[in-house]
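Subject: Structure handover

Hi,

Here is the structure I said I would pass on. Could you load it and have a look alongside my notes?

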Amino acid sequence: MKLIIIRLGAFLFIILLQFSCGINRNMQNRPDISGIENIDTLRTKHNDSLYTIGNNILLKNKYGIWELYIEGDALERGIINGSLTRELIHKQETAFMTRIESLVPSTGYQKFLSKTIGWFNRKIYLHVPEVYKQEIYGISRFALPKYNSFAPAYVRMLYLHGAHDIGHALQDLMLVGCTSFAAWDSNTEDGELLLGRNFDFYAGDEFAEEKIVAFVNPDAGHKFMMYTWGGMIGVVSGMNEKGLTVTINAGKSKIPLIAKTPISLVAREILQYAENTEEAIAIAQKREVFVSESIMIGSASENKAILIEVSPDNFGVFEVPNSDQLICSNHFQSEVFKDDRRNSESILESHTQYRYDRMKELLATNNSLNPEKAAAILRNKEGLEGVDLGFGNEKAINQLLAHHGIIFKPEERKVWVSANPYQLGAFVAYDLIEAFEIFEKGSNLKSVMNASETIPADEFIYSEEFKDYEEYRVLYRKLHELVSHQKFVKTEDLEKLIQLNPNYWKGFALAGDYYFQQKKYKKAIIYFKQAKMREVTSLTDLNYLEKMIAKSTRKL
């Protein structure tokens, strides 16, 4: 923790020394918006769950997922997207900004933060393709004016596309922990390529409430779908009409000092313009990034998957020779990163290797994979050899915080996306070819999901254990806030917290922290030892518990 504080302090000090107005630079280099006055922005509201502009449509299906179809050139797509999804954009923007305000309540510090973000992003316009700047600008026309004091709408939307990268760079704060896999040939029931992933990026509960399955028909490149949220044109999970899939997994990164190309926009460019792994590699190689990331590419035409591993200083490609499966968590596997210090630290100290090994174990016991088996794997909550991790443990494939789970069958152009909560809701099925045929005909005002192939919700969400876990999450946040500020906590609340999730180490550790603050060192030792008896998430966490046990013992 001390090292993190020093690094953050150095980061802010450099910003203060070198501050320049990134906001002005990005505003001065805004994209070409000629012809904007000719684009129709007037949407027709049919009801609270259905909006249209010409052939473009936004509707909410019975599973609570928004289905969006947009077409046209970049500026047109952006403006229509913004007009149709304005309420969803407002909700996401409010979720982000409320999070910032809660972390930085002082108005003065918020202004300082705005300036530091402006400095950090001062040259981002140099690394974002013109067409994506146009698309982002179009969306920004419908952003919330009340946040313009933080940064103008276009600049703010540009910056938000790098939020995912910053979350990865500050991985010590546990913002991300995604796991993905691909299987083909002898590992699937029909020999076809099958991919699955959990997107475990957490930015608060409200951020994940409204999900969008977007079908994009651009004037250049390939048609594609992506699972996303309001205001986001970058890709974290998607598939194009050629059967090429893209998903991204964080790698261990140093804290960056200047933004370059957000990884989600690299993924978007691959999805829009690549047909196979060779073309995907070529696109990734030409972009400069500012964080480390694994990009899993599935290719229908080649019936295989690869990993493109990128960092600010290196580039590698990984595929397992003579194998019919590929696993990705949050560390690099290619030869060029073999001696990378940060990657080695991540493998040793975090939970990435554990999740990799657990996925390998699950794939070994699930031969002849199909979408239903893939969904069960993504929903798995146990640890190695089925050990009980407690609910919410980041060692699990299913950490019970995912923004979404997604499954692809690229050769058939089929995709399944999870409905709330997490990846436990139904995996709603879509046929990419059929969906675009329906949308392009126009006049369709119904969901394009494939109801017959939709995978039902996990029975776990109807259990008492799940209700207890949801109550645990709320109570943990409340008590953690009190303990962090060294305020009084009721003993019965701590006991209830532990009872709601008895096999998870964090409830015991929080109780230990509280009793240590209260100078009740014997009780603190008991709870720290109880925490240590559970499956502790990382080496860093285990070292903390051992340190607190030793410290409490000395205090006695």
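First, the ground rules. This is a predicted model, where local features need pLDDT of at least 70, side-chain atom pairs count only at pLDDT 80 or more, and totals for chains, interfaces and linings use all residues. Residues are numbered from 1 along each chain as its sequence is written, and side-chain values use heavy atoms, with hydrogens and water left out. Helices (H or I, at least four residues) and strands (E, at least two) are DSSP runs, numbered from the N terminus.

**A helix pair**

Helix α15 (residues 464-484) packs on helix α17 (residues 505-517) at about 25°, and their axes are 11 Å apart. Axes here are lines fitted to C-alpha atoms, for helices over the stretch in contact, with angles from 0 to 180 degrees between N-to-C directions. That makes the two roughly parallel (angles under 35 degrees). On the α15 side, the contact (heavy atoms within 4.5 Å) is made by Tyr472, Tyr476, Leu479, His480 and Val483. α17 brings Lys506, Gly507, Leu510, Asp513, Tyr514 and Gln517.

In α10 (residues 277-285), Thr277, Ala280, Ile281, Ile283 and Ala284 are buried (under 20% relative accessible area; exposed is over 50% and partly exposed in between, with a 1.4 Å probe and protein chains only). Seen down the axis, these buried residues fall within an arc of 165°, so they line one face of the helix; the arc is that of the directions from the helix axis to the C-beta atoms. Glu278 and Gln285 are exposed on the face turned away from the buried side of α10. The cover over the buried residues includes α9 (263-273) and the strands β10 (244-250) and β11 (293-299).

Helix α6 (residues 130-140) is mostly covered, with 9 of its 11 residues buried. Among them are Lys133, Glu135 and Tyr137.

Most residues other than glycine have a negative phi, and most peptide bonds are trans. The bond from asparagine 420 to proline 421 is cis, with omega near 0°. Proline 421 sits in the loop between β16 (414-418) and β17 (427-431). Tyrosine 422 is in the loop between β16 and β17, has a positive phi of about 50°, and counts as buried at 8% relative accessibility.

Aspartate 185 also has a positive phi, about 55°. Aspartate 185 lies in the loop between β5 (179-183) and β6 (194-199) and is partly exposed, with a relative accessible area of 43%.

Cheers

How values were computed
Parallel < 35°, antiparallel > 145°, perpendicular 65-115°, else oblique.
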